[in-house]
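Here are my notes for you to read with the model open beside them. Take the points one by one and look for each piece as you go.

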Amino acid sequence: MASTRAIIFRGKVGRLVYYEYRGRAGVRSTPAQVRQTQATKDSAKRFGQAVSMSAVIRSALGSVLPDDTDRRRMYLLNKKLYQWLGGSPAHQPGGDPALSVIRGFELNPATELPALLRPAIKVDWRAQGPVSLSLPAFIPSNDIRAPRGAENLSWRIGVVSCTVESPSRVRKSFTEIIDLPYDARRQEERMISFPVNLSPGELGVLVMGLRFFVRNPAGPLEVIDPKWLPLGLVGGGYYYL
């Protein structure tokens, strides 16, 4: 005696895909293809550049950043660099050689450097270098807010540069660490110079942070509470192509 089986169509018609699964017929649709506009492509390129520059900067400032794995800091820096890149045509990133969009940006959302530090920090950044940082005279216990029991503090200053178009590696990187007692003795003005000479198409930033150490029977103990780990981008420059 003859018998017949149901005919199941398999294949694709337009965006519909016909198939068989465990003897049953099924149909599903393929994702719609979305064409990217030029503006979308440009935005994606800028975002990629911003993420790459952020990674390069953070990797070079390991002794300055309290925790380089902090994703909040990573996302904030990505966003600021993306904002700067979008400020002008690609051949003049940011349209802002002094990086005013980024300068003063706080890398630690839990606190702000100006909230703890009274002395005004001055940075002289010139494309042809060098970069100079001026720390005015100050009295630590009067001019710097510190956690209870603080007996020492440490200035952490880092300068790093990278290319904007292909920011895959650090071009130049320098770090300065100044350890001081937290007391009422006057600290004289300091001028620190970094030999950073930007080449055309390079971006450079100067980051400053503070670390505090409190009294402890076994020796000074570093404070790790985020509200006492200020970290700010206090200067920067871009050398036009």
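What share of the contacts in the protein with a separation of 6 or more comes from residues 24 or more positions apart?

1. The overall picture. Keep in mind that this is a predicted model. To take the question above: residues 24 or more positions apart account for 70% of the contacts with a separation of 6 or more. The secondary structure comes to 4 helices and 12 strands, and 40% of the 241 residues count as buried.

2. Helix 1, end to end. Start at residues 38–60, which make up helix 1.

3. What helix 1 hides. Its buried residues are Gln49, Ala50, Met53, Ser54, Val56, Ile57, Arg58 and Ala60.

4. How the two helices meet. Two packed helices are described by the angle between their axes and the distance between the axes. For helix 1 and helix 2, the angle is about 130° and the axes are 8 Å apart. Angles over 145 degrees would count as roughly antiparallel and 65 to 115 as roughly perpendicular, and this pair is therefore oblique. The crossing is right-handed. On the helix 1 side, the residues that take part include Phe47, Ala50, Val51 and Ile57, and they meet a helix 2 set made up of Met74, Leu77, Asn78, Leu81, Tyr82 and Leu85.

5. Strand 7 and its two partners. Is strand 7 mostly covered or mostly open? Mostly covered, since 11 of its 14 residues are buried. The link from strand 7 to strand 8 is a hairpin through 6 residues. While you follow these strands, remember that in a regular strand the side chains alternate between the two faces of the sheet.

6. Strand 12. How many of the 8 residues of strand 12 (residues 231–238) are buried? The count is 8 of the 8, so strand 12 is largely enclosed by the rest of the structure. Strand 12 runs antiparallel to strand 10, with 7 bridges joining them; Leu206 has Gly235 of strand 12 as its bridge partner. Strand 12 also pairs with strand 4 (residues 105–106), in the antiparallel sense and over 2 bridges. Here Glu106 has Gly232 of strand 12 as its bridge partner.

7. The order is 5-6-9 and the pairing is antiparallel. Strand 5 (122–124) and strand 9 (190–194) stand at the edges with a single partner strand each, so one side of each has no neighbour in the sheet. On average, neighbouring strands here are turned by 15° against each other, direction ignored. Strand 5 is joined to strand 6 (residues 131–135) by 3 bridges, and Asp124 has Ser132 of strand 6 as its bridge partner.

8. Leu221 is found in strand 11 (residues 221–222) and is partly exposed, with a relative accessible area of 47%. Setting aside residues up to four places away in sequence, Leu221 touches Phe212, Phe213, Val214 and Asn216. Leu221 and Asn152 are 69 residues apart in sequence, while their C-alpha atoms are 9.5 Å apart in space. Now go to Asp183, in the loop between strand 8 and strand 9. Buried means under 20% relative accessible area, so at 19% Asp183 counts as buried. Beyond its neighbours within four places in sequence, Asp183 is in contact with Ile139, Pro140 and Ser141.

Methods
Residues are numbered from 1 along each chain as its sequence is written. This is a predicted model: local features need pLDDT of at least 70, side-chain atom pairs count only at pLDDT 80 or more; totals for chains, interfaces and linings use all residues. Side-chain values use heavy atoms; hydrogens and water are left out. The expected span of a helix is 1.5 Å times one less than its number of residues. Buried means under 20% relative accessible area, exposed over 50%, partly exposed in between (1.4 Å probe, protein chains only). Two strands pair if DSSP finds at least two bridges between them. Axes are lines fitted to C-alpha atoms, for helices over the stretch in contact, and angles run from 0 to 180 degrees between N-to-C directions. Angles under 35 degrees count as roughly parallel, over 145 as roughly antiparallel, 65 to 115 as roughly perpendicular and the rest as oblique. A crossing is left-handed if the near helix is turned anticlockwise from the far one by less than a right angle, and right-handed if clockwise. Contact means heavy atoms within 4.5 Å.
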